[in-house]
Amino acid sequence: MGEQTQNQELPQPQPQSQPQPQPQSQIETQVQILPPNDPAASVTSTTGFPQQIACPPAKIPPSRPRKVRKLFPDDSATTTNDPNSSQITTTPSETPKTTAKSTKTKTAQSRALVVAPPRIVARSLSCPGEVDNAIRHLRNADPLISSLIDLHNPPTFDTFHTPFLALTRSILYQQLAFKAGTSIYTRFISLCGGEAGVLPETVLALTPQQLRQIGVSGRKASYLHDLARKYHNGILSDAAIVNMDDRSLFTMLTMVNGIGSWSVHMFMIFSLHRPDVLPINDLGVRKGVQLLYNLEELPRPSQMDQLCEKWRPYRSVASWYLWRFVEANGSPSSAVAVATGVGLTQQQKEEQQQPQLLDPINSILNLGACAWGQ
């Protein structure tokens, strides 16, 4: 009887598939709301297990779906949030159709990539074989310039002077015939103790009176001192000039009093041996373009870039052949005209308001370090 009574008092087991709901008051829940982008966003209960419940507090009605920020950067899937579910689901979206405009753009880009010619990287003209590369390129690019190449021996670029010496020389030769300029330059070199002594400190130490005694005008003396002062202050240096790109070099050198665009172009060709320099202000090069293409008028400097675009990246060598072409046709450039006493046109006089080259063209081509002005 004792065992039967004890067995009757035991509670009957409940089915495991239907757990009895517990009163809400018996469960204490601690909710921690984190930002929507926080990967650690979860709901922590007293049981210690995180639950993926994205439902907000009671401030938002449960029947109203909350806006969920997209968890994917692309549009390949869309995110939805069921307020009655504790999981966030994603459904793939349809791929947008490619418009006709984008298709045309891609087609044009692919065609451009196919027809774009390979870019030629030119080296210094003093590098072995680079003049030959330039001549080969010019022959293929322009049959008219090819005919000029057949008439003359190839140029040489083997004369080297330090940038400071070359720029000083260009200032000394301004507005002088070649013979007179050579005489003054020789005295200047002697005053400095030789070409190796032509340094910024040496030039700054020379007084205007000393320079005047060797034939240098007061204006040229101020030009020389301005160049030496910019070297002394660190604005310019031989190393910086050699390593500058063409655009930066043009900007920096034209800051020196007495050195204009024409002088910089000549300096870049014959002292630095830059391969792709087009002296658009040189009357000899402009006259050569006029004769080569049989133009009715002398091309303006603003037209030169477009007319000579096909010669890139060897426009320096093309300019050399144009100088020879003009010389063979008996039409000297402004430099030769002044040196030989030929009368200048009004246009040439206007362009000589700043210092201009007075060195004969042969001296420019043969010496490499020419006497330039503007």
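# Exercises on a predicted model

At 54% relative accessibility, Thr156 is exposed. The model is a predicted one. Work through the tasks with the structure open.

## Exercise 1. Inspect helix α5

Task: Determine how many residues of α5 are buried, then describe Ser170.

Solution. 
- Step 1. Count the covered residues. In α5, 10 of 10 residues are buried, and the helix is mostly covered.
- Step 2. Name some of them. Among them are Pro163, Phe164, Leu165, Thr168 and Arg169.
- Step 3. Pick out Ser170, which sits in this helix, residues 163–172.
- Step 4. Apply the cut-off: buried means under 20%. Ser170 has a relative accessible area of 1%, so it is buried.
- Step 5. Check the polar side chain. One of its polar atoms lies 2.6 Å from the backbone oxygen of Leu167.

## Exercise 2. Follow Gly181

Task: Is Gly181 buried or exposed? Which residues does it contact, leaving aside neighbours within four places in sequence?

Solution. 
- Step 1. Find Gly181 in helix α6.
- Step 2. Read its cover. Gly181 has a relative accessible area of 0%, so it is buried.
- Step 3. List the contacts. With neighbours within four places set aside, Gly181 is in contact with Tyr173 and Leu176.
- Step 4. Take one distance back to Ile171, 10 residues apart from Gly181 along the chain. Their C-alpha atoms are separated by 9.9 Å.

## Exercise 3. Link Glu130 to Tyr314

Task: Glu130 and Tyr314 are 184 residues apart along the chain. Work out what joins their side chains.

Solution. 
- Step 1. Start in helix α3, residues 130–141, where Glu130 is found.
- Step 2. Check its cover. Glu130 counts as buried because its relative accessibility is 2%.
- Step 3. List what Glu130 touches, not counting residues up to four places away in sequence: Ala122, Arg123, Ser124, Leu125 and Tyr314.
- Step 4. The C-alpha atoms of Glu130 and Tyr314 are separated by 9.7 Å. Their side chains are joined by a polar contact of 2.6 Å.

## Exercise 4. Spot the backbone exceptions

Task: Find which peptide bond is cis at Pro313, and what phi Gln175 and Asn294 have.

Solution. 
- Step 1. Most residues other than glycine have a negative phi, and most peptide bonds are trans.
- Step 2. Check the bond from Arg312 to Pro313. It is cis, with omega near 0°. Pro313 is in the loop between α14 (301–307) and α15 (315–328).
- Step 3. Turn to Gln175. This residue is not a glycine, yet its phi is positive, about 55°. Gln175 lies in the loop between α5 and α6 (178–192).
- Step 4. Turn to Asn294, also not a glycine, with a positive phi of about 55°. Asn294 is in the loop between α13 (283–292) and α14.
- Step 5. With a relative accessible area of 69%, Asn294 is exposed.

## Exercise 5. Take in the whole chain

Task: State how many helices and strands the chain has, and what share of its residues is buried.

Solution. 
- Step 1. Count the elements: 18 helices and five strands.
- Step 2. Read the burial. Of the 374 residues, 36% count as buried.
- Step 3. Check the range of contacts. Among those between residues at least 6 apart in sequence, 58% join residues at least 24 apart.
- Step 4. Finish with the accessible surface, about 22,900 Å². Carbon and sulfur atoms account for 53% of that surface.

Key:
Residues are numbered from 1 along each chain as its sequence is written. This is a predicted model: local features need pLDDT of at least 70, side-chain atom pairs count only at pLDDT 80 or more; totals for chains, interfaces and linings use all residues. Side-chain values use heavy atoms; hydrogens and water are left out. Helices (H or I, at least four residues) and strands (E, at least two) are DSSP runs, numbered from the N terminus. Buried means under 20% relative accessible area, exposed over 50%, partly exposed in between (1.4 Å probe, protein chains only). A polar contact is a pair of N or O atoms within 3.5 Å; within protein, one must be able to donate a hydrogen and the other to accept it, and residues adjacent in sequence count only if both atoms are side-chain atoms. Contact means heavy atoms within 4.5 Å. Accessible areas come from the Shrake-Rupley method with a 1.4 Å probe; for residues, only the protein chains shown count as cover.
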